[in-house]
Amino acid sequence: MSSASDPLAALGALPGVAESVESVRKAVDRVYGHRVMRRRSGEITSEAALRGARGSAALSGADWALEEVRRRTDFGADPEALAVGAALRLTAEAGQLLSIWRQSPMRVLARLHLVASGSAEAGDVVGRPRLAGEPVDEPLVDLPLPDADEAAGRLDGLSRVVIAGGSAPALVTAAVVHGELLALRPFASYNGLVARAAERIVLINSGLDPKAICPAEVGHAEQGSEAYLEAFKGYVSGTADGMAAWIAHCGRAIELGARESTAVCEALQRGAA
């Protein structure tokens, strides 16, 4: 991370990023302007949370049907069930951490990992960044893993950027938080789920999606794991084109999440849901 006072601002000037930011804003405004939102926004938020959790779990290898996620109550039987349970807990927890995020991002990230782990893991690896030599279980990402010291330094840099705020659009900040956490994989497990939950927190906290009705996780899953990983490799490359491609991918994910919630609004309006 750059040491400049507003290191994310320059990313907003990358080719195509301004267009992505504008497209996202229009998509979000459309769903917020839907007539159903005026009287049933709580239902849309709840449904978006469920669908977002399903999408995030799918990218972690648990691609369950939505109705299976909706009906299940036991999430402790196997790795897929554990991933779905973790995603649901993270989605529920994210809204409780909004006021803490801008003051202490590391505290929030530690809490997210603790919540994701639940009772599946024991010991002192839960709720803290990994130490040198500790293994990482991340089913989707197979890129080189930064060592613990590098991860700690970059986490500190990310935390400082979040606390400082700045003029970067919410999409840019959310994409960088998501990409950096996925690149660092700072915890022993559930890093992808935590990264996508942190992206959700940024989008809500920024005011772009204050009611959490545009689940980016839905859009990430809809675009597919191959496209997700290809765009993520652009982030890891650190090149201007690669970063712009990752931000655009995250923007498209938000747009698809907004489209999903628009469909829910229309179904409620028809009395079909």
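**Labels and their cut-offs**

Guide: Let's start with a pair of helices: α10 and α12 are roughly perpendicular to each other. Bear in mind that this is a predicted model, where local features need pLDDT of at least 70 and side-chain atom pairs count only at pLDDT 80 or more, while totals for chains, interfaces and linings use all residues. Residues are numbered from 1 along each chain as its sequence is written, and side-chain values use heavy atoms, with hydrogens and water left out.

Visitor: Why are α10 and α12 called roughly perpendicular?

Guide: α10 (residues 216–223) and α12 pack at about 110°, their axes 6 Å apart. Axes are lines fitted to C-alpha atoms, for helices over the stretch in contact, and angles run from 0 to 180 degrees between N-to-C directions. Angles of 65 to 115 degrees count as roughly perpendicular (under 35 is roughly parallel, over 145 roughly antiparallel, the rest oblique), so the pair gets that label.

Visitor: And what makes each of these a helix in the first place?

Guide: Helices are DSSP runs of H or I with at least four residues, numbered from the N terminus.

Visitor: Why is Leu155 called buried?

Guide: Buried means under 20% relative accessible area (exposed is over 50%, partly exposed in between; 1.4 Å probe, protein chains only). Leu155, in α7, has 4%, so Leu155 counts as buried. Other buried residues of α7 include Ala151, Leu158 and Val162. Among what covers the buried residues of α7 are α6 (105–117) and α8 (170–184).

Visitor: What does Leu155 touch?

Guide: Contact means heavy atoms within 4.5 Å. Leaving out residues up to four places away in sequence, Leu155 touches Met106, Leu109, Pro129, Leu181, Leu184 and Pro186.

Visitor: What makes Ser20 buried?

Guide: Ser20 sits in α1 (residues 17–32), and its relative accessibility is 12%, so Ser20 is buried by that cut-off. Beyond its neighbours within four places in sequence, Ser20 is in contact with Leu171 and Ala248.

Note on methods: Helices (H or I, at least four residues) and strands (E, at least two) are DSSP runs, numbered from the N terminus.
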